[in-house]
Each structure stands twice: as C-alpha cells, then as structure tokens.
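Please look through the briefing below with the sequence and the three-dimensional view side by side. Each topic can be followed by finding the named parts in the view as you read.

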Amino acid sequence: MRRKVCVGLGAWAALAQTGLPSIGRAAGAWRPERPVRFIVPFAAGGASDVFARLVSEPATRLLGQTMIVENKPGGGGVIAADFVAKATPDGYTLLMATPGTQLTNPYLFKSLPYNPDTFVPAGPLFEAPNVLVVHPDVPARTVAELIALAKKEPRQLNFSSSGLGSSSHLSGEMFKMMAGVEMTHVPYRGSAPAMADLIAGRVQLTIDTISTVLPHIRSGALRVLGTGSAEPHPVLPGVPTIAASLPGFESGAINYVLAPAGTPPQVAAGLADVFRAALAEPATQARIVEMGYTVLTDTPDELRARIAREQKKWKHVIEAAGVTL
C-alpha cells in the first residue's frame, strides 16, 4: 500500500494523536544510549542538508539523544552510502538516502563499493515531485501542446538538468521515451546554473524538483505545464499532472532513512516510529508544506516495497536511454 500525506496542520495534529505511534508510551521500543549520527550525502546548505537538520530537531527530542547531522558529499552520494554501509549495524549511524543511493546509482555506475540492496529501511521522510516548466517564450501552454511542438521540431527543444544521472535528467529521458519525442539534454553542474539558463531562455524546459522551480513559477519567470505527481499537487492548484497527457508518468525524488545491513528489526522499527512522529509535529509539517514536499508515512515494509517499485522504473529508463557515469 502506498501511503503519503499532504494535509493541513490541524489534521496533522489529530493524526499525531491517533494514527502515529505513541513514542513515549511504546513498551519495549528501542532507544539509543548515545548520540546518533545522521549522514547526509551532499554538502551543507543544500536541500537534503536543510531537510535533515529540520527533522533532526524533533527526532532528538523523541529519541532522548542528540541526532548529529554530518555531511559527507562526493561521488553522487556514493561516499556517504559506502560510509554507512560499512558502519556497525547498531542504530547509531544512519543515512539520509536520496534517489542515487539505491534507485539510480546501481544502474548508472558499472560498480559500487557497497551493496545497495543490503541496507535496512529505518524511516520514511518525504517525496518531492518533479514539475515540468518551460520558458515563457515556448509556444506551449499544456503538456499536449509541448509534445506536439517537440514532434513538429525534433531535437530543437533543449531540456536542462542539474547533471548527468540526476533526477531532472532521468525525468527528461522518461518524458522523451513516453511521449515519443526527441529533445536535446543540456546538463549543468547543479540546479542553480540550470535554472539561470532556463530563465534566460538559453534552454527551453526542465522537469526538476518542486522546491527548485516553485519560486520561479510564482515570480512568473517560468510557465508550469504539469506536475510529476500521481495526483494534482496542492501547492500548485489548477495545474494538471503530466500523467493526464502521458498516462503512467510519475517522477519525483523520495528521501528516506537507511541503516547498515544487519541492523536488528526492533531497532529499525523504533527509528521508523521516531521519524514518522517527528514528521507529524506541526512546526515540522509547516516547513515541509512550505517546501512543496509530501510527507511519507510508510512502515519499513511499505518503504521497502516503494524502493523496489522505484528501482524497477529507473532501471528501465537508465538502460533504455543508455545513461552511464
């Protein structure tokens, strides 16, 4: 069962009291006896780092021990994933998993220093849908019109991404395949320069994460055509899904918590309860909604199933598009 929540603060308060585990009263729940390290695979100040620090504050209170956020950037997330994979499986070293950890890097790289399938899911975090935006000069106001334009002018439309193998790159490749169009990929070193050139009109479109494009949609610098979410997104009322024109299209980044292989089930379950409760706190939820993200409330088993679905999808896209790093 796929479970995700994007609701108002009042509803979340009720959910926190009823639907989520009672952290303080859970009999026999695992709790740490020393600080917990939360490893982020990207540099300080980025979206992953900001979210990790956001959730670590309530998690610290709920755990009764400090959750220390540590940044280990490099290798598209490989360095951090390898570090956690080799850590002692005792619940004291956790990874903030981004799509690269298990969903894309295993198919982008010929080999990895860690086994991506042996991690233990230890908590849901959020899903950030990708959003299709175009420069205002592009003569298309709907996804269908954009597809028609791309078919009329093959290879004339350029789509930007934050880098080879990134979520925005693979989303563009999936769009090309599903729509049956030919567009040119222009990779950048991060979302900031990609957005700058899109706003300047040097490229025509992108399918990037909602937190990246939302300010530019609101300012009028970019025109939004559709969301990569399965359902219309509440932060973008009136904007249809891309799937309304391309049935089955769903694109976004899921972030979650992983522990090293061999972590005891009761430890993983206790951590998952803490993260779910931390995400349900009104102050945390308010910030998440502001960022345009959707909270995940998966149990470890549900999270494992979600990971398997995403792996299958992106493996197909990567292999069909011939993307390698």
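What follows is a description of selected features of this structure, grouped by topic.

This is a predicted model, and the values given here were computed from it. The largest pocket has a volume of about 1100 Å³, and both domains contribute residues to its lining, so the pocket lies between them.

**The largest pocket**

- The lining of the largest pocket is made up of 46 residues, and those nearest its centre are F42, S48, S162, S166 and S191.
- Domain 1, which covers 36–127 + 253–321, and domain 2, which covers 129–245, both give residues to this lining, and the pocket therefore lies between the two domains.
- When the lining residues are sorted by class, 23 are polar, 19 are nonpolar and four are charged.
- Several helices and strands supply at least two lining residues each, among them the helices α2 (47–63), α6 (167–179) and α8 (210–219), and the strands β8 (205–209) and β10 (252–259).
- Helix α4 (99–108) also belongs to this group, and with six residues α4 provides the largest share of the lining.

**Strand β5 and its partners**

- Strand β5 spans residues 120–134 and gives at least two residues to the lining of the largest pocket.
- Is β5 largely enclosed or exposed? Because 15 of the 15 residues of β5 are buried, the strand is largely enclosed by the rest of the structure.
- With β10, strand β5 pairs in the antiparallel sense over eight bridges, and within β10 it is Y256 that stands opposite P124.
- The pairing of β5 with β11, a strand of residues 294–296, is antiparallel and has two bridges, and here E127 stands opposite T294.
- Five bridges link β5 to β8, again in the antiparallel sense, and N130 has T209 of β8 as its bridge partner.
- Strand β9, which holds residues 223–227, runs antiparallel to β5 and is joined to it by four bridges, with G226 in β9 as the bridge partner of L132.

**Strand β6 and its partner**

- In β6, the residues N158 and S160 point one way while F159 and S161 point the other way, and all of these residues are buried.
- Strand β6 runs parallel to β7, a strand of residues 184–187, and four bridges join the two.
- Within this pairing, F159 stands opposite H185 in β7.

**Helix α10**

- Helix α10 covers residues 282–291 and supplies at least two residues of the lining of the largest pocket.
- Which residues of α10 are buried? The buried residues are T284, Q285, I288 and M291.

- W30 is found in the loop between α1 (9–18) and β2 (36–40), and because its relative accessibility is 17%, under the 20% cut-off, W30 counts as buried.
- Although W30 and V267 are 237 residues apart in sequence, their C-alpha atoms are 5.5 Å apart in space.
- Y92 lies in the loop between α3 (78–85) and β4 (93–97), and with a relative accessibility of 9% Y92 also counts as buried.
- Between Y92 and H216 there are 39 Å in space, C-alpha to C-alpha, and the two are 124 residues apart in sequence.
- R155 sits in the loop between α5 (143–152) and β6 (158–161), and its relative accessible area of 53% is over the 50% cut-off, so R155 is exposed.
- The phi of R155 is near 65 degrees, which is a positive value in a residue other than glycine.
- G252 belongs to strand β10 and is buried, with a relative accessible area of 11%.
- The C-alpha atoms of G252 and A230 are separated by 9.9 Å, and these residues are 22 residues apart along the chain.

Technical notes: Residues are numbered from 1 along each chain as its sequence is written. This is a predicted model: local features need pLDDT of at least 70, side-chain atom pairs count only at pLDDT 80 or more; totals for chains, interfaces and linings use all residues. Side-chain values use heavy atoms; hydrogens and water are left out. On a 1 Å grid over the protein atoms alone, a cavity is a set of points where a 1.4 Å probe fits but cannot get out, and a pocket is an open set with protein on both sides within 12 Å along at least five of seven lines; lining residues have an atom within 4 Å of a point. Grid points are joined across faces, edges and corners, and a volume is the space filled by probe spheres set on the points. Ala, Val, Leu, Ile, Met, Phe, Trp, Tyr, Cys and Pro count as nonpolar, Asp, Glu, Lys and Arg as charged, and the others, Gly among them, as polar. Domain bounds come from an automatic or database domain assignment. Buried means under 20% relative accessible area, exposed over 50%, partly exposed in between (1.4 Å probe, protein chains only). Two strands pair if DSSP finds at least two bridges between them.
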